[in-house]
Amino acid sequence: MRSPRSLVPVLGWCAATATSVALASVAMLPVLRAATPDGSAVVSVDQLRDSGAVEPSPLPGGPPDSSPEPEVTTSPPRTPKSRPKPGGATPSRTSATPARTTPAVQTTTTIEDGWTVTTDGAGDKTYVRSLRVDGGQAVIRITDGEVKVVTATPSDGYSVATVQNSPDNLAVYFNEVNHSFVIHAVWNVDRPFVEVSEIG
């Protein structure tokens with residue numbers, strides 16, 4: 001059997017716990033009353049729907065709502081205005097200079113002897129021509145007297161090779177065994193000249 005002295009600490013702890021619970025309840029009572037609505041504030045869902053405060057949400061799988069989507073507008077975020085520091089100089093405002101616009105260079109395109117000729121605003125001409133033979137197809141471009149191949153695509157069974165001895169003289173070969181097609185393009189007296197031949 002325990003002595004009455006050993007129960008004193010237990011009884012003291014119980015008394016302290018009961019006192020703290022009672023004080024906490026009293027302190028929380030105003031908060032609980034403010035959070036709990038009284039009976040007159042209860043509103044039914046039907047009353048909210050009739051007042052327009054609540055729109056019924058569509059059920060999953062139900063018909064789509066035909067009401068239009070609300071328009072959403074956004075405004076750019078405001079940037080804080082810089083205030084001058086006391087005793088400091090006020091920031092100077094720089095005037096915006098108008099942007100310089102460069103005039104558009106006009107080009108014209110014409111057809112001359114099968115060549116597509118593009119003339120730029122300075123009067124420089126570029127000649128482009130696509131040529132097709134049984135061995136393949138080549139696109140030739142001539143600018144400032146310089147002849148270049150843009151593309152050279154051989155047909156099935158053919159291979160392609162280019163030979164250029166000088167900037168103004170170009171030959172494109174479409175080769176098969178013992179047989180070739182040659183597209184020969186040159187710049188001749190301020191004009192392009194092209195010749196197609198077959199060997200073998």
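Predicted model: local features only at pLDDT ≥ 70, side-chain atom pairs only at ≥ 80, totals over all residues.
Guide: Strands (E, at least two residues) and helices (H or I, at least four) are DSSP runs, numbered from the N terminus. Residues are numbered from 1 along each chain as its sequence is written, and side-chain values use heavy atoms, without hydrogens and water.

Visitor: Which residue of β3 does T118 stand opposite?

Guide: T118 is found in strand β2. Four bridges join β2 to β3, and the two strands run antiparallel. In β3, the residue opposite T118 is T126.

Visitor: Is T118 buried, partly exposed or exposed?

Guide: Buried means under 20% relative accessible area, exposed over 50%, and partly exposed in between (1.4 Å probe, protein chains only). The relative accessible area of T118 is 30%. T118 is therefore classed as partly exposed.

Visitor: Which strands stand at the edges of the five-strand open sheet?

Guide: The sheet has the order β1-β2-β3-β4-β5 with antiparallel pairing, where two strands pair if DSSP finds at least two bridges between them. A strand with a single partner stands at an edge, so one of its sides is left without a neighbour in the sheet. The edge strands are β1 (108-112) and β5 (146-154).

Visitor: Which residues touch the most other members of the largest nonpolar core?

Guide: Such a core is a set of buried Ala, Val, Leu, Ile, Met, Phe, Trp, Tyr and Cys residues joined through side-chain atoms within 4.5 Å. β2 (115-119), β3 (125-133), β4 (136-143), β7 (169-176) and β8 (179-188) each supply at least two of its residues. Of the 17 residues in this core, those touching the most other members are W115, I140, V172, F174 and I183.

Visitor: What are the contacts of I140, leaving aside its neighbours within four places in sequence?

Guide: Contact means heavy atoms within 4.5 Å. With those neighbours left aside, the partners of I140 are W115, Y127, V128, R129, L131, V147, K148, V149, V150, L170, V172 and A185.
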